[in-house]
Amino acid sequence: MFDDLRELYQEVILDHSKNPRNFRHPEDANHEAHGYNPLCGDTVNVYLKMGHNGLIEDAAFEGKGCAISLASASMMTEIIKGKTEAEAKKIFEGFQQLVKGEENDFDAGEDTERLMVLAGVKEFPMRVKCATLAWHAMTSAMDDKPDVSTE
Amino acid sequence: MNDMTTFDVEKIRRDFPIFTREVHGKPLAFLDSGASAQKPQVVIDTMEKAYAETYANVHRGVHYLSQVSTELYEGAREIVCAHMNAANVEEIIFTKNATESINLVAQTYGAANLKPGDEIILSTLEHHSNIVPWQLIAERTGAVVKAVPIDEHGEFMLDTYLEMLGPKTKIVAITHISNAIGTITPVRQIIDAAHDAGAVVLIDGSQAAPHMKIDMQALDADFYVFTGHKVFGPTGIGVLYGKAELLDAMPPFLGGGDMIERVTFAKTTYAKGHAKFEAGTPPIVQAIGLGAAINYVNEIGFEKISAHEQTLLAYATEQLGQINSLRIIGQAKHKAAIISFTLDGIHPHDIGTIVDRGGVAIRVGHHCAQPLMDHFDVAATARASFALYNNRADVDALVSAVKSVQEIFG
Ligand SMILES: Cc1ncc(COP(=O)(O)O)c(C=O)c1O
């Protein structure tokens, strides 16, 4: 098998895709957005509970998608919980550059290593949208834009 | 070129230069001809020659090259006319693709004939390009779009269709072969029944043209469309066949040069026949390329092509069927060589990415047929579609690549 495939479909990613974390719809979510990739029909709903001070108190998602999009959504919810809106957006910016192959010194603080497992996506340009769908939905939810489409 | 007393697939593969290349260091197993087919050298050469040696605009000049170019362009129309067994070359209109052909009929015949409450009958098998143009014209005219259902095998439900037909039915637009699952529909019965109900019929032959002989006079379709790039021709060229009496009564589609008889600011009169629907400089070299492609397949012969493809379909169905947790979507009795499938717990996008690394090109997604995906309750499938140049090695490559998908996913 090819190394770049092994790199893309690492154990961690397969694990997150088969058992996505925070795969639920919290009743007390106060921000949400629907992400849709018209190319493949994948959908994701991202739910956030934001505190008054811009703190993300809870993050969850539901949806259908490929291993890459599910794993990325699952890891995202774990990572942004407890962060501020500004911090989450900053991580997304760096992450987006990472998966597009535009960033070689990716630094997301304590989360760098965890997100690096998705770096393999950069060898598969057609899959960048899968990896970023939930993140786009997350920022839309924060900005109160209910829908985001990756096309 | 091909003395085809027997069908020699390896010889055919040598006609297609793409098969000399590798993908990701593997021989190319190209199983995505349903999306667009590869081109034989003769099509590439014919087009190069048309640009290098005979190029000029058509229908517009008295100079030598314009005349040669016009003869080649109109010659391509005659090739298409003979190939489709149309009664008359005036019935063959060149468009940009099948999508434009369908939109043309909807926007001209549909706009002129549909009234509020009239019904347009489609089916669940349709490609979006045989759905959306009808929805657009229905919205404008107050007509209603209805879809004939399919059964669990993906079979067009003829009995239900017969019940749906009635005095309100004005247009029936059905695919000849489903691009997503390969079902061959009973077009002859569909057309006859529609005619009995007083409706006109458009058949979307985009997937039929590469796999079977199409015969307008035998079918008696009112409109029949296909797209050049799927029959081994270039992109940018499509065909609309329409019965002469219908075309004559239809308003023009696009306005411009070539489609007129006489223009004054007070009143313009339109050209007759196909010219009325070919406004502006047409896709000249693309039409010439399409003519070469059609000559190419006819030299081989559709009987042989079809027999070869059906053998591959049976082999692929049997081989894929042995893979655990693989589900074939669409098991109609009469199928073209198109196999849609899913793997339990693995998204088609992941399948597509992984098999690609093995040199296997398949399409993954909804195949522009979302109502059909909804029917089978899947968001997407993986689809292998075969053409005359595919061989058993391609099937074997697919099967082994699918197994490696399962290995990776454990
Ligand atoms: C059944 C069917 N109809 C219509 C089309 C549209 O063809 P085109 O995109 O060339 O217009 C396709 C292919 O994409 C098809 O498979």
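Contact here means heavy atoms within 4.5 Å.

## Interface between chains B and A

By that criterion, 17 residues of chain B are in contact with 23 residues of chain A in this predicted model. The size of an interface is often given as the accessible area lost when the parts come together. Chains B and A bury about 1,700 Å² between them, with 58% of that area on carbon and sulfur atoms; buried area is the accessible area (1.4 Å probe) that two parts lose on being put together, summed over both. Of the area that chain B buries against chain A, 37% is supplied by His349(B), Arg357(B) and Ile408(B), more than by any other three residues.

## Conventions

Residues are numbered from 1 along each chain as its sequence is written, and chains are lettered from A and ligands numbered from 1 in the order in which they are written. The model is predicted, so that local features need pLDDT of at least 70, side-chain atom pairs count only at pLDDT 80 or more, and totals for chains, interfaces and linings use all residues, while side-chain values use heavy atoms, with hydrogens and water left out.

## Chain B as a whole

Chain B contains 14 helices and 17 strands, which are DSSP runs numbered from the N terminus (helices H or I, at least four residues; strands E, at least two). The radius of gyration of chain B is 22 Å, which agrees with the value near 22 Å for a compact globule of 410 residues. That radius is taken over C-alpha atoms, and the globule rule is 2.2 Å times the number of residues to the power 0.38. Along its principal axes, the C-alpha trace of chain B spans about 75 × 55 × 35 Å.

In chain B, 58% of the 410 residues count as buried (under 20% relative accessible area; exposed is over 50%, partly exposed in between; 1.4 Å probe, protein chains only). The accessible surface of chain B comes to about 16,000 Å², and carbon and sulfur atoms hold 52% of it (Shrake-Rupley method, 1.4 Å probe; for residues, only the protein chains shown count as cover). Among contacts in chain B with a separation of 6 or more, 71% are between residues 24 or more positions apart.

## Strand E14 of chain B

Strand E14 (residues 338-343) of chain B is mostly covered, with six of its six residues buried. In a regular strand the side chains alternate between the two faces of the sheet. Ile338(B), Ser340(B) and Thr342(B) point one way from E14(B), and Ile339(B), Phe341(B) and Leu343(B) the other way.

E14(B) pairs in the antiparallel sense with strand E13 (residues 326-329) of chain B over four bridges; two strands pair if DSSP finds at least two bridges between them. In this pairing, Ser340(B) stands opposite Ile329(B). E14(B) also pairs in the antiparallel sense with strand E17 (residues 381-385) of chain B, over four bridges, and there Phe341(B) stands opposite Ala382(B).

## The sheet in chain A

Chain A has an open sheet of four strands in the order E3-E2-E1-E4, with mixed pairing. Strands E3 (56-64) and E4 (147-149) of chain A are the edge strands, each pairing on one side only. Strands E1 (residues 31-37) and E2 (residues 42-50) of chain A run antiparallel and are joined by seven bridges. Glu32(A) has Tyr47(A) in E2(A) as its bridge partner.
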